[in-house]
Amino acid sequence: MLKIHAKNLDSFTVLSLHGQIVTGETDTLRTAVHSLPVTSAVVLDLARVTTVDAHGLGVLLQLREWTNERAIRFELRNVRQHLIKIFEITRLDTVFDITSSVEFF
């Protein structure tokens, strides 16, 4: 089960995810992002995400597009090394704004 903890910080929101972003688990993420109060940025903290499948990547792309249409910055933070490989292989590392915790703050 994908668990999400939201934290509003000044003008942006951090969603800390725990679990898997896979088929059957993505509606929770989509609902969480769509129901956020007005914010200038959405940061997905993936430090505790173990797996992302093709459907999960598709949902991340949809959320990126949804936020971009609303002029909301969308970034991924603390992506584990094995997930970085997935983003590199699919070339999505050139699409998503991926930062480390140090770069972010």
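# Close-up views of a predicted model

**View 1. Strands β2 and β3 side by side.** Strand β2 (residues 12-21) and strand β3 (residues 41-52) run parallel and are joined by nine bridges. Here strands pair if DSSP finds at least two bridges between them; helices (H or I, at least four residues) and strands (E, at least two) are DSSP runs, numbered from the N terminus. The model is predicted, so local features need pLDDT of at least 70 and side-chain atom pairs count only at pLDDT 80 or more, while totals for chains, interfaces and linings use all residues. Residues are numbered from 1 along each chain as its sequence is written, and side-chain values use heavy atoms, with hydrogens and water left out. Looking along this pair, you will find Phe 12 opposite Ala 41 of β3. On the other pairing of β3, Ala 41 stands opposite Arg 73 in β4, and five bridges join the parallel strands β3 and β4.

View 2. Five strands form an open sheet with mixed pairing, in the order β1-β2-β3-β4-β5. The edge strands are β1 (3-9) and β5 (97-99); each has a single partner strand, so one side of each is left without a neighbour in the sheet. On average, and with direction ignored, neighbouring strands are turned by 25° against each other. Helix α1 (residues 26-34) packs on this sheet, where α1 touches β1, β2 and β3, and its direction makes about 175° with that of β2. Helix α3 (residues 81-89) lies across β3, β4 (73-77) and β5, at about 105° to β3. For these angles, axes are lines fitted to C-alpha atoms (for helices over the stretch in contact), and values run from 0 to 180 degrees between N-to-C directions.

**View 3. Leu 29 in the nonpolar core.** The largest nonpolar core has 27 residues, and Leu 17, Leu 29 and Leu 44 have the most contacts inside it. Two or more residues come from each of β2, α1, β3, α2 (54-69), β4 and α3. Such a core is a set of buried Ala, Val, Leu, Ile, Met, Phe, Trp, Tyr and Cys residues joined through side-chain atoms within 4.5 Å. Not counting residues up to four places away in sequence, Leu 29 touches Leu 2, Ile 4, Leu 17, Ile 21, Leu 44, Leu 60 and Leu 63; contact means heavy atoms within 4.5 Å. As a background note, nonpolar side chains tend to be buried together in soluble globular proteins.

**View 4. Helix α2 and what covers it.** The 16 residues of α2 reach 23 Å from first C-alpha to last, close to the 22 Å expected at 1.5 Å a residue (the expected span is 1.5 Å times one less than the number of residues). Gly 56, Leu 57, Val 59, Leu 60, Leu 63, Trp 66 and Thr 67 of this helix are buried; buried means under 20% relative accessible area, exposed over 50%, and partly exposed in between (1.4 Å probe, protein chains only). Their cover includes β2, α1, β3, β4 and α3. At the start of α2, a side-chain oxygen of Asp 53 comes to within 3.1 Å of the backbone nitrogen of His 55. After the helix comes Ala 71, with a positive phi near 60°.

**View 5. Thr 26 meets His 55.** A polar contact of 3.0 Å joins these two side chains. The term covers a pair of N or O atoms within 3.5 Å; within protein, one must be able to donate a hydrogen and the other to accept it, and residues adjacent in sequence count only if both atoms are side-chain atoms. Leaving aside neighbours within four places in sequence, Thr 26 is in contact with Ile 21, His 55, Gly 56 and Val 59. With the corresponding exclusion of residues up to four places away, His 55 touches Val 22, Thr 23 and Thr 26.

**View 6. Thr 13 in strand β2.** Thr 13 lies in β2 and is buried, at 1% relative accessibility. Its side chain makes a polar contact of 2.9 Å with the side chain of Asn 8. Among the residues that Thr 13 touches, beyond four places in sequence, are Leu 36, Thr 39 and Val 43.

**View 7. Two loop residues with positive phi.** Asn 78, in the loop between β4 and α3, has a phi near 55° and is partly exposed at 23%. Arg 91, in the loop between α3 and β5, has a phi near 65° and is exposed, with a relative accessible area of 64%. For context, most residues other than glycine have a negative phi.
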